[in-house]
Amino acid sequence: MVNIEDFIKRLEIILEYYGVNASSFADNIGVQRSSLSHLLSGRNKPSLDFILKILEVYPEVDLYWILNGKGSFPKLASKPSSNNAQATQITSPTPEPTIAPLFTEDSELIPDPKAAISTPSITNSTIETEIDKIVIFYKDGTFKSYRP
């Protein structure tokens, strides 16, 4: 869940970074100025469409950073399009987790899973049950059942 107060702070960081005011930012991403005003005041929550428009126009904005503060801003090592903006790196205090690769070239072969399954041995002398019904399923989805 997005913390709205923290989201507003990150949105204000983006505005300051690019040196734009709220109305020109709204025009740049193609949303109504009132929509951005309602977001900045905390009245409304950001929609997915709003977030995607920011990411489309400002590719330096990291999705995870704007949503929950994880990651960094700007994510690319490029200068902003505005002349009076300063290039500052704003990072989150928590490091991103590392994910181990699923497959490696020198990984051991996994044994046949069927070989690992042990089937209990059933002898005719221990179980004395009778067949009640036999059902045959066909590939076309039909079936027939037989009773001995």
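This note goes through the fold, the aromatic pairs and the surface of a predicted model.

1. Basis. The model is predicted, so local features need pLDDT of at least 70 and side-chain atom pairs count only at pLDDT 80 or more, while totals for chains, interfaces and linings use all residues. Residues are numbered from 1 along each chain as its sequence is written, and side-chain values use heavy atoms, with hydrogens and water left out.

2. Fold. The protein has 6 helices and 4 strands; helices (H or I, at least four residues) and strands (E, at least two) are DSSP runs, numbered from the N terminus. Along the sequence the order is α-α-α-α-α-β-β-α-β-β.

3. Of the 148 residues, 22% count as buried, where buried is under 20% relative accessible area, exposed is over 50% and partly exposed lies in between (1.4 Å probe, protein chains only). Taking contacts (heavy atoms within 4.5 Å) between residues at least 6 apart in sequence, 42% join residues at least 24 apart.

4. Aromatic pairs. Rings of Phe, Tyr and Trp (its six-membered ring) pair if their centres lie within 6.5 Å; planes under 30 degrees apart are stacked, over 60 edge-to-face, and the rest tilted. The count is 7 aromatic pairs. Y17 and F73 make an edge-to-face pair, because their ring centres are 4.8 Å apart and their planes stand at 70°. Y17 belongs to helix 1 (residues 4–18) and F73 to strand 1 (residues 72–73), so this pair ties together parts that are 56 residues apart in sequence. Y17 is buried at a relative accessible area of 4%, and F73 is buried at 0%.

5. A stacked pair. F25 and Y58 are stacked, at 5.2 Å centre to centre with 15° between the planes. F25 sits in helix 2 (residues 22–29) and Y58 in the loop between helix 4 (48–57) and helix 5 (63–68), so the pair ties together parts that are 33 residues apart in sequence. Both F25 and Y58 are buried.

6. Cluster. Ring pairs link Y17, Y18, F25, Y58, W65 and F73 into a cluster.

7. Surface. The protein exposes about 11,900 Å², of which carbon and sulfur atoms supply 55%; areas come from the Shrake-Rupley method with a 1.4 Å probe, and for residues only the protein chains shown count as cover. I131, I134, I136, Y138 and Y146 make a nonpolar surface patch of about 480 Å². Patches are made of residues with over 30% relative accessible area and no salt bridge; like charges are joined within 9 Å, and nonpolar side chains (Val, Leu, Ile, Met, Phe, Trp, Tyr) within 5 Å. A salt bridge is a side-chain nitrogen of Lys or Arg within 4 Å of a carboxyl oxygen of Asp or Glu. I134 lies in strand 3 (residues 134–137) and is partly exposed, with a relative accessible area of 41%.
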